[in-house]
Amino acid sequence: MQLYYAAPSPFVRKCLICASELQLGDRLELIPAAPHPVNRDRAVVAHNPLGKIPTLITDSGTVLYDSRVICEYLNSLGDGHLIPAEGAARWTARVDEALADGIMDAAILARYEGAVRPEALRWPDWSEGQLDKVGSGLARFEEQAATWADRFDIGTITVACALGYLDFRFSSLAWRETHPSLAAWFAHVSGRESFIATRPA
Ligand SMILES: N[C@@H](CCC(=O)N[C@@H](CS)C(=O)NCC(=O)O)C(=O)O
């Protein structure tokens, strides 16, 4: 399988962690990509019209995106333990994944606003709105994190990727200071080999 990837992408990291936890890491060939909302990476666009990563090409040539679809596919190739098959645990995991994906989406849009958009065209209220979404999402997870000790699924993997991205690109948010339960849980989960191996440098 080929995975279009860039190490800083939290969505790519989510897929790499899933692959590692499912013992599928060796089956992924990583193809470096340069995702950009304006100067689009045509090699990625050729497979995924959105030009976004992660984009996966399976061994049979099927193209899969986005990270939710790719992780579900990897889970189906492995032993399936990362996405509960049914019941309340399934919907909890999937909603947490959706919220954490939304935090990453908002943080990436705020990042593009500061790093990509020409300074004269920036609108601070818009960036603040995106970071407010990040804040609302973190507040919801802070209420729940104390109960996550035994949980490890697609939801909590995605939360950890979101927090890792905030550390990487938005360290000035200092989210740990206001989210102690989340900080304690993140310190614990970050010790896993799959997280250490994929941490953005
Ligand atoms: N919903 C997508 C989001 C992927 C995404 O936003 N990836 C970023 C890199 S972290 C990207 O490719 N950006 C290029 C663009 O916005 O055109 C997923 O879950 O995979």
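Modeller: Let's begin with a term: on a 1 Å grid over the protein atoms alone, a cavity is a set of points where a 1.4 Å probe fits but cannot get out, and lining residues have an atom within 4 Å of a point. Points are joined across faces, edges and corners, and the volume is the space filled by probe spheres set on them. This is a predicted model, where local features need pLDDT of at least 70 and side-chain atom pairs count only at pLDDT 80 or more, while totals for chains, interfaces and linings use all residues. Residues are numbered from 1 along each chain as its sequence is written, and side-chain values use heavy atoms, leaving out hydrogens and water.

Biologist: How many cavities of 30 Å³ or more does a search of the whole structure find?

Modeller: Rolling a probe the size of a water molecule over the atoms shows where empty space is left. Here the search finds one cavity of 30 Å³ or more, and the largest cavity has a volume of about 40 Å³.

Biologist: Which residues line the largest cavity?

Modeller: Among them are Ala7, Pro8, Arg13, Cys161, Tyr165 and Pro200. H6 gives the largest share of that lining, three residues, and helix H1 (10–21) also supplies at least two. Helices here are DSSP runs of H or I with at least four residues, strands are E runs of at least two, and both are numbered from the N terminus. The lining divides into six nonpolar residues, two polar and one charged; Ala, Val, Leu, Ile, Met, Phe, Trp, Tyr, Cys and Pro count as nonpolar, Asp, Glu, Lys and Arg as charged, and the others, Gly among them, as polar.

Biologist: How many helices and strands does the protein chain have?

Modeller: The chain has eight helices and four strands. From the N terminus on, they run β-α-β-α-β-β-α-α-α-α-α-α.

Biologist: And how do I read aromatic pairs?

Modeller: A pair of aromatic rings is described by the distance of the centres and the angle of the planes. Rings of Phe, Tyr and Trp (its six-membered ring) pair if their centres lie within 6.5 Å; planes under 30 degrees apart are stacked, over 60 edge-to-face, the rest tilted. The whole structure holds five such pairs. In one, tryptophan 175 and phenylalanine 186 have ring centres 5.7 Å apart and planes at 65°, so this pair is edge-to-face. Tryptophan 175 lies in the loop between helix H6 (154–169) and helix H7 (180–189), and phenylalanine 186 in helix H7, so the pair ties together parts eleven residues apart in sequence. Elsewhere, ring pairs link Phe141, Trp148 and Trp185 into a cluster.

Definitions and conventions:
On a 1 Å grid over the protein atoms alone, a cavity is a set of points where a 1.4 Å probe fits but cannot get out, and a pocket is an open set with protein on both sides within 12 Å along at least five of seven lines; lining residues have an atom within 4 Å of a point.
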